[in-house]
Amino acid sequence: QVQLVESGGGLVQPGGSLRLSCAASGSIVSINSMGWYRQAPGKERELVASITSGGSTNYADSVKGRFTISRDNAKNTVYVQMNSLKPEDTAVYYCNGRFQVLFKSGVNDYWGQGTQVTVSS
């Protein structure tokens with residue numbers, strides 16, 4: 001069993017900053033990758049940023065230069081620092097993890113419950 005718990009969402013003005021955290025716990029053997037996705041009303045869930053076990057990062061074009069993903073492997077935690085926020089960034093942000101876990105073969109996909117980010121005046 002794996003749990004992903006997000007924190008750090010909230011209301012922020014345009015141009016402001018927010019830092020989201022996601023802590024994974026449970027019978028994790030190794031982390032393949034972790035990342036952040038978001039879903040706005042009426043839109044599909046989309047990748048925001050991801051980071052692999054090797055440290056490679058990937059960002060949505062819409063957030064490049066504004067968002068930075070990082071991790072603390074000792075804590076099984078991933079972060080995304082979101083700067084210069086725009087109203088278009090308003091969405092529910094979901095943490096994603098791809099893990100090898102005890103007693104299961106291969107890599108398994110897990111999701112957090114989501115945290116609301118609202119950017120408005």
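I began with phenylalanine 99, which counts as buried because its relative accessibility is 0%. Buried means under 20% relative accessible area, exposed over 50%, and partly exposed in between, with a 1.4 Å probe and protein chains only.

Before going on I noted the terms of the model. It is predicted, so local features need pLDDT of at least 70 and side-chain atom pairs count only at pLDDT 80 or more, while totals for chains, interfaces and linings use all residues. Residues are numbered from 1 along each chain as its sequence is written, and side-chain values use heavy atoms, with hydrogens and water left out.

**Aromatic pairs**

I looked for ring pairs (Phe, Tyr and the six-membered ring of Trp, centres within 6.5 Å; planes under 30 degrees apart are stacked, over 60 edge-to-face, the rest tilted). I found two aromatic pairs by this rule. Tyrosine 37 and tryptophan 111 are edge-to-face, at 5.0 Å centre to centre and 65 degrees between the planes. This pair links distant parts of the chain, with tyrosine 37 in strand β4 (residues 28-39) and tryptophan 111 in strand β10 (residues 108-111), 74 residues apart. Strands (E, at least two residues) are DSSP runs, numbered from the N terminus. Tyrosine 37 is partly exposed at 23% relative accessible area, and tryptophan 111 is partly exposed at 36%.

Phenylalanine 99 and tyrosine 110 are stacked, at 5.8 Å centre to centre and 20 degrees between the planes. Phenylalanine 99 is in strand β9 (residues 91-101) and tyrosine 110 in β10, eleven residues apart. Tyrosine 110 counts as buried because its relative accessibility is 16%.

**Charges over rings**

I then checked for charges over rings (NZ of Lys or CZ of Arg within 6 Å of the ring centre and within 35 degrees of the ring normal). Arginine 19 lies over the face of tyrosine 79, at 4.3 Å from the ring centre. Arginine 45 lies over the face of tyrosine 94, at 3.7 Å.

**Core**

**Threonine 115**

Last, I looked at threonine 115 in strand β11 (residues 115-119). Threonine 115 counts as buried because its relative accessibility is 12%. Its side chain reaches the backbone nitrogen of glycine 9 at 3.5 Å.

How values were computed
Helix = DSSP H or I, 4+ residues; strand = E, 2+ residues; numbered from the N terminus. Polar contact = N/O pair within 3.5 Å; in protein donor to acceptor, adjacent residues only side chain to side chain.
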